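Hi,

Here is the structure I promised to send over. My notes on charges, overall build and aromatic rings follow below it.

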Amino acid sequence: MKRTIMIAGLGLIGASLARALVTVKENTVIGYDVNPYTVDFAQKNEIIHESSSEFKTAVQKSDYVILAAPISESITLLNEMDNMALEKDIIVSDVSSVKQSIITTANRLTNKQIAFIGGHPMAGSHKKGVESAKPHLFENAMYVLTPTNRSSDQDVEELKQVLLPTRSKFITLNAEEHDEMTGVVSHFPHLIASSLVHQAKNWAQTHTYLPNLAAGGFRDITRIASSNPILWQDIFYHNRQKMSQLLKEWITEMQTLKKLLDQNEKKEMIHYLELAKNYRDGLGSADKGAIPSYYDLYVDIRDQTGALANVTQLLATHDISINNIQILEIREGIMGALRLSFSTEQVQKSSEAILQQHGYETMIEK
């Protein structure tokens, strides 16, 4: 059955959805974005079948609409749709990482031809924009669907069928439980990472060499602080009640930790760290979570001309793309180490096998 799907917002998430959906011959994918370059890039690279510079025109041609703009903009677009004279029923969804605001808006719609189902594909990348879009971005990722009083069970099943090419794992959550869980495992860590960076920045005024020391592990644990500030302010705003609650709990937790340090409570501190270690080690590593995972491979190399180039060229000849590369330690005349980051575990393991076949010592951290 032929169907027309309009995606409003062709950033990383919207364009990746388009790349997945455009592969189905029954689909016609229309792309809409306020940035002319983004739409032009998507059209030229066949991410979409056709583009539209007019939101209303694209909506009226569509059977399904996916709002993939930032949360506040998606709410504005949904309100625009509510005032449109539509000639047929449309199933509308979104990709926002906070659900309560847009679900509240959807439940107030008066246009009876709109069936709204909240959506959140819980996958992403450390890159952004239409250029970074990948059709497999959501493969094996959790895709949360949040029905509203403007959608039926049949509508939800129909949307799932449309989204099958993403190869996601669909789960149904209400807005409250979704926002609490994503607040804990995604939104709040971004806030804490930013606060850690601010603390380091302040201490750098005292210790000018601090940025050099922060280039290793500190840079890793705070890398999510490099995310788009405007996008994340919007997320924090729409989930502000949960964020405020989590901050209050965090302050209490830090007070407890400070007490353990101040009073040198050795046994209690070991127990505290053990509990954290055991829970963290038990978290699922095979599934994609709310924060994009890195698949890192450590490679020992010697300090010699072309050592780095040899590794990257070897992987390049096997059509393997490296997402990120970091020199962990290279000191004159001794062995050093590289950390290579890949987009999937499969690519990580393939790279390890290739490098080992060529005599390199490698390690994957468990």
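The 36 positive and 43 negative charges of the protein have mean positions 1 Å apart, counting Lys and Arg as positive, Asp and Glu as negative, and leaving out His and the chain ends; each charge is placed at NZ of Lys, CZ of Arg, CG of Asp or CD of Glu.

Keep in mind that this is a predicted model, where local features need pLDDT of at least 70, side-chain atom pairs count only at pLDDT 80 or more, and totals for chains, interfaces and linings use all residues. Residues are numbered from 1 along each chain as its sequence is written, and side-chain values use heavy atoms, without hydrogens and water.

As for the build, the protein has 14 helices and 12 strands (DSSP runs numbered from the N terminus: H or I of at least four residues, E of at least two). Of its 366 residues, 41% are buried (under 20% relative accessible area; exposed is over 50%, partly exposed in between, 1.4 Å probe, protein chains only).

Now the rings: the whole structure holds five aromatic pairs (Phe, Tyr or six-membered Trp rings with centres within 6.5 Å; planes under 30 degrees apart are stacked, over 60 edge-to-face, the rest tilted). Among them is Tyr37 with Phe41, tilted at 6.1 Å and 40°. Both sit in helix H2 (residues 36-44), four residues apart, about one turn, and Tyr37 is partly exposed at 45%. Trp232 and Phe236 are also tilted, with centres 5.6 Å apart and planes at 50°. They are four residues apart in helix H10 (residues 229-238), again about one helical turn, and Trp232 is buried at 12%.

Cheers
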